[in-house]
Amino acid sequence: MILPIVAYGTPVLREETKEIDENHPDLNLLLEDMFETMYASKGVGLAAPQIGLPLRIFIVDASGFNEDDEHPELADFKRVFINPIIVEESGKEWKFEEGCLSIPGIREDVSRQPNVVIEYYNEKFELIEETIDGIAARVIQHEYDHIEGVLFTDKINPLRKRLIKGKLNDIAKGNIKVNYRMKFPLVKAKH
Ligand code: CO
């Protein structure tokens, strides 16, 4: 089932998230819905808070970055991250333009370190430690930020932030065009 993605300004995007256990009810269905929702919106990552759940889960499928075959390492980069912990980040910070399904229409440069060591449970609840670099690491850092209540717009320079303030308000009010299902915090439910 395709779920609505909550927009910038929705409190759950800033909430503290909870770890889940192996017996979490309907976990497989939840993950299935998350993938379906992510694909329907053409995203490369989706975190549980973005569908309104304050849980420590995110999914990624960065194979879309390999459409031009220039990033073969991303061709099979599809993962489920449950209760993840970024154990280490290293390397010289690099800039890359990021976007977010909860913040449609805005893309800004964000600086992050290129190398990540992450520990997490996969969809079978196997504990995994993985070292990930480059764009894949960036996708993970962006999604990990979501379960820490952080958005990429928090990390851009103050001038750019001031320039996009009006756009962010428009997103919260739903005054934007978007071609996937969303829920906006400042739009009252229709009666
Ligand atoms: Co995002």
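1. Buried here means under 20% relative accessible area. Phe-125 has a relative accessible area of 14%, so this residue counts as buried. Keep in mind that the model is predicted.

2. Phe-125 also deserves a look for its backbone. Most residues other than glycine have a negative phi. Phe-125 is not glycine, yet its phi is positive, near 60°. The residue sits in the loop between strand S7 (115–121) and strand S8 (127–133).

3. That loop belongs to a hairpin. S7 and S8 form the hairpin with 5 residues between them, and Phe-125 lies in the turn. The two strands run antiparallel and are joined by 7 bridges. Across the pair, Tyr-120 stands opposite Ile-128 in S8.

4. Asn-83 is another backbone point to check. Its phi is positive, near 50°, and it is a residue other than glycine. Here the setting is a strand: Asn-83 is found in S4 (residues 78–90). Its relative accessibility is 7%, so Asn-83 is buried.

5. Next, a charged side chain. Glu-143 is found in helix H2 (residues 134–147). Glu-143 is buried but has no salt bridge. The nearest side chain of opposite charge is Arg-112, 8.5 Å away.

6. What lies 3.4 Å from a polar atom of the Glu-143 side chain? The backbone nitrogen of Ala-47 does. Ala-47 is also among the residues that Glu-143 touches, not counting those up to four places away in sequence. Gly-45, Leu-46 and Gln-50 are on that list as well.

How values were computed:
Residues are numbered from 1 along each chain as its sequence is written. This is a predicted model: local features need pLDDT of at least 70, side-chain atom pairs count only at pLDDT 80 or more; totals for chains, interfaces and linings use all residues. Side-chain values use heavy atoms; hydrogens and water are left out. Helices (H or I, at least four residues) and strands (E, at least two) are DSSP runs, numbered from the N terminus. Buried means under 20% relative accessible area, exposed over 50%, partly exposed in between (1.4 Å probe, protein chains only). Two strands pair if DSSP finds at least two bridges between them. Lys and Arg count as positive and Asp and Glu as negative; His and the chain ends are not counted. A salt bridge is a side-chain nitrogen of Lys or Arg within 4 Å of a carboxyl oxygen of Asp or Glu. A polar contact is a pair of N or O atoms within 3.5 Å; within protein, one must be able to donate a hydrogen and the other to accept it, and residues adjacent in sequence count only if both atoms are side-chain atoms. Contact means heavy atoms within 4.5 Å.
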